[in-house]
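This report is a first look at one protein chain. Please keep the sequence and the structure at hand while reading.

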Amino acid sequence: MNISNSADALTNVLNGLAAIVYVFDPDSYELLYVNDYAVKNLNTGEDPEQLVGKKCDHFPFCTHQKYHLKQYSTQNTQIREFHNPLDKRWYQCRDSYIRWNDGRLVCLEIATDITEQKKNELELQQSIARAEALAHTDELTGLNNRRAFFKFARQAIKQQSRTSAEVALVFFDLDYFKVVNDTYGHEAGDLVLQAMARALGPEVRESDVLGRVGGEEFAMLMTASSASDALDATSRIQQVMNKVTVNYKGHQLACTTSFGIAVAAAKATTLNSLMAEADKALYQAKSEGRNTIISCLSAA
């Protein structure tokens, strides 16, 4: 087979690839070769022969200015993923240098369409994210569930322990909530819990961790909060929650709330210590007539 026939055979192979293939001079950015697949799938409006000799910028896929290898060597190959803004598709691009027929080093790019693969990867990532969110979310209220609260609260305390900041843990539950369930049923109780959770949202800082940790029990870990900060925030939450009413079959349902607060330096405490002290404070609030806030200043 002579050289001409070999070149024709290679051209047929490259044109038969389900990939964009093009070659350009990295110094002049002159297009030296574009295969049929590239022209067809990028809708260039020109034949490959018409593109050859034009500047690389004329080719609607060319990404040389950002990505082509700076060190000209046949030993270098770069593999990357590229989202083409022109056709909105994803490609895996392999850039390497080869010797052209006149001996100069030129850049060869082979770009394979991986849009479906990227779509599947994105769908998988989204599915995993949804599953993780569901695993961390209390189905009834949309708040962090007990497991998520413990996880995120421990992370917050660990982060705060690098500073001299204090942290506060607030335990609170709805007073006489059992009466609502026993009198009107669990559907009514669920509506009350949902309404309380919605009311809590605007009162919680982004840096705080809020969760439903039991039937009618809630917990909030407040970062960088002194005893007075925690007491002020809890007082506001109490006022908001005490205003929540739910209309259930003509009945106006409401519950007051009791709170227990534990405060300590983050570097000198643990979540378990805070919880133990906040639980004692909550028990005292219940013992003193409910709808009360009791604060424990140290939970070291």
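Leaving out neighbours within four places in sequence, Tyr-248 is in contact with Tyr-184, Glu-187, Ala-188, Leu-191 and Leu-253. The model is a predicted one. Tyr-248 belongs to strand β9. One of its contacts is also polar: the side chains of Tyr-248 and Glu-187 meet at 2.7 Å. Between Tyr-248 and Gly-189 the C-alpha to C-alpha distance is 9.7 Å, while 59 residues separate the two in sequence.

Is Tyr-248 buried or exposed? Its relative accessibility is 9%, and because buried means under 20%, Tyr-248 counts as buried.

**The nonpolar cores**

The largest nonpolar core holds 33 residues, and Phe-172, Leu-174, Val-192, Met-220 and Met-241 have the most contacts inside it. The elements that each supply two or more residues to this core are β6 (166-174), α7 (177-184), α8 (186-200), β8 (217-222), α9 (227-242), β9 (246-248) and β11 (257-265). Helix α8 gives the largest share, 8 residues.

Which residues does Leu-174 touch, beyond those up to four places away in sequence? They are Val-192, Leu-193, Met-196, Glu-216, Phe-218, Met-241, Cys-255, Thr-256, Thr-257 and Lys-286. Another core lies apart from the largest one; its 20 residues include Leu-169, Ala-219, Ala-266 and Leu-271.

**The five-stranded sheet**

An open sheet is built from 5 strands in the order β2-β1-β5-β4-β3, and their pairing is antiparallel. Strands β2 and β3 are at the edges, each pairing on one side only. From one strand to the next, the twist averages 20°. Strands of a sheet are paired through hydrogen bonds of the backbone, in a parallel or an antiparallel manner.

Within this sheet, β1 and β5 pair in the antiparallel sense over 5 bridges. Val-21 has Ile-110 in β5 as its bridge partner. Helix α5 packs on the sheet, where it touches β3, β4 and β5. The direction of α5 makes about 130° with that of β4.

| Element | Residues |
|---|---|
| Strand β1 | residues 20-24 |
| Strand β2 | residues 31-34 |
| Strand β3 | residues 77-84 |
| Strand β4 | residues 89-99 |
| Strand β5 | residues 105-113 |
| Helix α5 | residues 115-136 |

Definitions and conventions. Residues are numbered from 1 along each chain as its sequence is written. This is a predicted model: local features need pLDDT of at least 70, side-chain atom pairs count only at pLDDT 80 or more; totals for chains, interfaces and linings use all residues. Side-chain values use heavy atoms; hydrogens and water are left out. A nonpolar core is a set of buried Ala, Val, Leu, Ile, Met, Phe, Trp, Tyr and Cys residues joined through side-chain atoms within 4.5 Å. Buried means under 20% relative accessible area, exposed over 50%, partly exposed in between (1.4 Å probe, protein chains only). Helices (H or I, at least four residues) and strands (E, at least two) are DSSP runs, numbered from the N terminus. Contact means heavy atoms within 4.5 Å. Two strands pair if DSSP finds at least two bridges between them. Axes are lines fitted to C-alpha atoms, for helices over the stretch in contact, and angles run from 0 to 180 degrees between N-to-C directions. A polar contact is a pair of N or O atoms within 3.5 Å; within protein, one must be able to donate a hydrogen and the other to accept it, and residues adjacent in sequence count only if both atoms are side-chain atoms.
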